[in-house]
Structure formats: C-alpha cells, structure tokens
There are 2 protein chains.
Amino acid sequence: MSISKRKEQEKIEMHKRILNSARKIFLEKGYEQTSIRNIASEISYSPGSIYFYFKDKSEIFHELHKEGFRLFLSQMKALDVIADPYERYKALGLVFIRFAQNHTDYYNLMFLVSETGKAQGEGFQIAQEAIEHLSGVIQQCQDQGKFVGLNNKFFTLMTLSLVHGICSLYCKDRMSGFFEKSSEELMLHGYETFIALIELK
Amino acid sequence: MSISKRKEQEKIEMHKRILNSARKIFLEKGYEQTSIRNIASEISYSPGSIYFYFKDKSEIFHELHKEGFRLFLSQMKALDVIADPYERYKALGLVFIRFAQNHTDYYNLMFLVSETGKAQGEGFQIAQEAIEHLSGVIQQCQDQGKFVGLNNKFFTLMTLSLVHGICSLYCKDRMSGFFEKSSEELMLHGYETFIALIELK
DNA sequence: AAATATATTAAACACTGTTCAAAAAAAGTT
DNA sequence: AACTTTTTTTGAACAGTGTTTAATATATTT
C-alpha cells in the first residue's frame with residue numbers, strides 16, 4: 001500500500017515538475033512561443049514523456065490558467081475584511097489593476113491568450129466565481145442605497161469591462177506613448193476618473 | 001515607359017492578391033493558425049513567392065492591421081454629421097461596439113492579437129489618431145459644460161477602456177453564459193449603464 | 001527469477017516560417 | 001531573330017513545431 005502511495009506521490013511530483021517548467025516558460029514567452037520540447041528539456045525529459053502526464057499542450061495551459069484564477073480570487077477575497085461594501089467595491093477594482101501590474105503574464109494567460117478559441121470550460125467556472133463575488137459586493141452597496149435604480153448584473157458587467165479594459169490596454173502595452181505619464185499611473189488615473197463618476201450615485 | 005508601368009501595376013495586383021488571400025485566412029483562423037503555405041496555395045502560388053512581395057508574415061499582418069484601423073476610423077468620422085458633441089460622444093461608443101460585432105475578426109486582429117509583442121509602430125499612429133478624435137469630441141463636450149472638473153485625457157482613457165473592455169469580453173466570448181441574455185444585448189446594456197452614470201455629469 | 005505493469009525514450013509524421021540556389025519567364029539589346 | 005540581362009517563380013532545404021507510437025527500460029508483483 002505504501003509503495004503504490006509512493007508511486008502516486010511520484011506521479012504527482014512529476015506533474016508538478018512539468019507544471020513548474022511550463023509556468024516559467026509560458027509566463028516568459030507566452031503560449032505560442034512555448035514548446036513541449038522546451039518544457040521537457042528544462043527538466044531533462046524527453047518531449048514524449050510530457051504526454052504521459054498531460055493530454056496535450058492546451059491541458060498544461062489550462063492548469064496554469066486555473067492557477068492564475070485561484071491566485072486572483074484569493075486576492076479578491078482578502079478584501080472581505082473591509083467592512084464598508086462601497087469601500088470594498090472600490091478596492092476590488094484596485095486588486096484587478098494591481099494583479100495586472102504584478103502578474104502581467106498571468107493576466108495575459110487568463111484573459112488575453114485565446115489558444116483554443118472556445119471558452120475555457122473548467123477555468124470558466126472559477127472565472128464566474130470571481131464575477132459573482134463582484135456582483136455580491138455591488139448588491140451589498142445597493143442594499144445600502146448606492147447605485148439605486150441600476151440593474152445589478154449590468155452594473156457588474158460595466159465595472160468588469162472598465163477594469164478589464166484598463167488592464168488589457170496595459171498588458172498589451174497600448175497605453176504608453178498615448179499620454180506623457182507612465183502606464184502604471186495612467187491605469188490608476190483612469191480608474192480614479194471612473195470612481196469620481198460614480199461617487200455621487 | 002508603359003511597359004514598366006504595366007509591370008508595376010502587375011506587382012501591385014499581386015500584392016493585392018496575396019493580401020486578399022491573407023485577409024480571408026487571417027480573419028477566419030487568426031494569426032497563428034494562418035500559414036504562408038496556406039496563403040500561397042489559396043492563390044496557387046509557391047510559398048517562396050510570398051517573400052518576393054512581403055518581408056515576412058508579420059508584414060502581411062500589419063498591412064491588414066492598418067486596413068482595419070482605416071475602416072474603423074472612417075466609421076468614427078462618419079459621426080461628424082451629429083451636431084451635438086455629447087450625442088456624438090455617445091454615438092462613438094456605439095461605433096466601437098458595432099465594429100466589434102460586425103467585424104469581430106478585424107477587432108481581434110487590431111486590438112487583441114499580439115504577435116510581435118512590441119507596439120505596432122506604423123499602425124500605432126492611426127490608432128493614436130482615433131484616440132485623439134475621441135479626445136477632441138470629449139473636449140467639445142467639456143467646452144459645453146459637460147464632464148466639468150475631469151481631466152480630458154484621463155476621461156478619454158477611461159471611456160476607451162470601458163468600451164474596449166466590453167468589446168474584448170465580447171470578442172473573446174467571455175460574456176455569454178455569465179448572464180442569461182445574448183452577448184450582443186449585454187454589450188449594449190453594459191454601455192447604457194455607463195451612459196446612465198455620466199448622464200448627470 | 002519470471003511475468004507483468006509502469007514509465008521513458010527516440011524516431012517518425014505532418015506541419016510551421018524562412019532562405020536560397022536554380023529554373024523559368026519577361027524585357028532589353030544587338 | 002538571337003543573345004543577354006533582369007525580374008519573377010519555384011522547390012528543396014533548414015530548423016523548428018505538436019503529437020503519436022513502437023520499442024525499450026525500469027519497477028512492481030507473482
């Protein structure tokens with residue numbers, strides 16, 4: 001029994017080792033520029049071996065995709081300590097922005113790389129969890145008389161779009177050069193302008 | 001003289017023929033899934049010949065990239081007939097959304113495909129033209145007492161982020177499934193929620 | 001020790017972007 | 001018309017890609 005357990009453990013560790021190698025290269029070079037052969041040689045394995053642990057390249061990607069979302073969700077939920085819903089709402093946007101800044105490569109992997117073209121099935125679920133969290137906080141704001149007369153779901157979508165838009169422009173480097181300030185500053189200024197808009201509502 | 005002119009004409013037409021083939025495949029399959037061999041075989045040419053007319057794959061892409069921006073800019077400028085700046089501002093967002101709907105593949109090519117990683121140099125310029133156009137319309141709104149006390153550039157960036165965010169989610173198919181409505185409806189509802197927010201400003 | 005199950009590999013297949021020497025076609029010159 | 005030069009086109013080659021698979025090595029069980 002302990003032998004088969006050890007075997008299982010070793011299989012899990014191999015799984016991890018591949019994922020570590022893949023994470024490093026994926027985050028560094030992006031989806032297309034990462035090859036199975038690169039991932040394998042990084043851990044001194046043959047390319048074929050990878051396929052013993054993963055169905056294909058896309059499955060490795062999805063694992064990291066989910067990983068990114070788990071990290072992201074944990075940073076969102078860390079804000080639960082903020083008592084006031086509206087303050088929490090505002091902080092949520094900043095979590096988004098900070099995540100895009102500190103984990104640009106993850107952000108790309110999670111939101112901007114398309115690979116299969118189709119929606120991500122599994123990772124899809126955890127993404128939805130993040131959205132429902134945001135929606136819940138907005139509901140709490142509305143319960144306190146904020147954003148009255150505005151549909152909760154549409155407002156959630158709008159908030160999401162705005163923050164994602166800022167982060168997308170940042171991650172694709174479409175922001176620098178447009179104005180004189182740094183991209184990091186611009187993200188915050190853009191978000192603050194949005195906050196200034198809803199401040200009265 | 002007329003011979004060399006004809007030669008030149010033929011070279012231009014070959015250029016066009018390659019671009020037509022490339023456009024078809026690029027818009028259908030995206031950047032990575034389009035191969036030089038595909039483009040060539042579509043017009044019954046050898047792969048090597050493509051390189052007589054274009055430096056590399058990326059140059060073909062950039063040509064289409066610029067093409068998309070020209071189309072986009074023309075749709076923006078068609079709104080110049082709207083006299084009221086604020087009405088024009090609102091319509092500009094809808095142009096964005098409609099463009100993403102009607103030319104999803106162009107939108108992907110223009111804003112979401114990254115290929116080189118670096119900012120697009122040439123196509124960059126025409127993108128900036130679109131931004132300055134938006135900024136100008138916002139300035140006209142501010143001249144009429146709208147959006148007072150808000151920095152023009154930051155407000156431009158915010159508007160751009162919001163609309164681009166909506167379109168990005170749409171184009172990457174990250175919108176359907178979240179709520180019960182169709183993606184097309186959601187785009188409009190999201191934008192209308194934003195408009196409802198700034199209506200009072 | 002033999003048989004079985006598991007894990008790993010190298011080679012192969014059909015692709016990719018790109019280069020380049022050779023061939024073909026067209027144009028210019030005598 | 002024949003010869004030369006230039007322009008255009010080609011197909012093979014190179015180094016790379018994801019993936020499959022038959023052969024091999026390792027480890028476990030009998």
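## The annotated domain

Residues 12-72 of chain A are 79% helix and 0% strand, and their end C-alpha atoms are 24 Å apart. Helices here are DSSP runs of H or I with at least four residues, strands are E runs of at least two, and both are numbered from the N terminus. UniProt, in an unreviewed entry, gives this span the feature "domain: HTH tetR-type". UniProt positions follow the numbering used here, feature names are shortened, and annotations may be inferred rather than shown by experiment.

This is a predicted model, in which local features need pLDDT of at least 70, side-chain atom pairs count only at pLDDT 80 or more, and totals for chains, interfaces and linings use all residues. Residues are numbered from 1 along each chain as its sequence is written, while chains are lettered from A and ligands numbered from 1 in the order in which they are written.

## The DNA side

The unreviewed UniProt entry also marks residues 35-54 of chain A as "DNA-binding region". That span is 70% helix and 0% strand, with end C-alpha atoms 14 Å apart.

Around DNA strand D there are 22 residues, and A:Ser35, A:Gly48, A:Asp56, A:Lys57 and B:Gly48 come nearest. A residue is near a strand if its C-beta atom, placed from the backbone, lies within 6 Å of it. Helices H1 (2-29), H2 (36-42), H3 (47-53) and H4 (57-77) of chain A each give two or more residues, as do H1 (2-29) and H3 (47-53) of chain B. The largest share, four residues, comes from H3(B). By class, this surface has eight nonpolar, eight polar and six charged residues. Ala, Val, Leu, Ile, Met, Phe, Trp, Tyr, Cys and Pro count as nonpolar; Asp, Glu, Lys and Arg count as charged; the others, Gly among them, count as polar.

## Where the chains meet

The contact takes 34 residues from chain A and 34 residues from chain B. Two residues are in contact if their C-beta atoms, placed from the backbone, lie within 7 Å. On the chain A side, H7 (122-143), H8 (152-171) and H9 (183-198) each supply at least two residues. H8(A) has the largest share, 12 residues. The chain A side divides into 18 nonpolar, 11 polar and five charged residues.

The same surface serves both copies: 100% of the contact residues of chain A recur in chain B.
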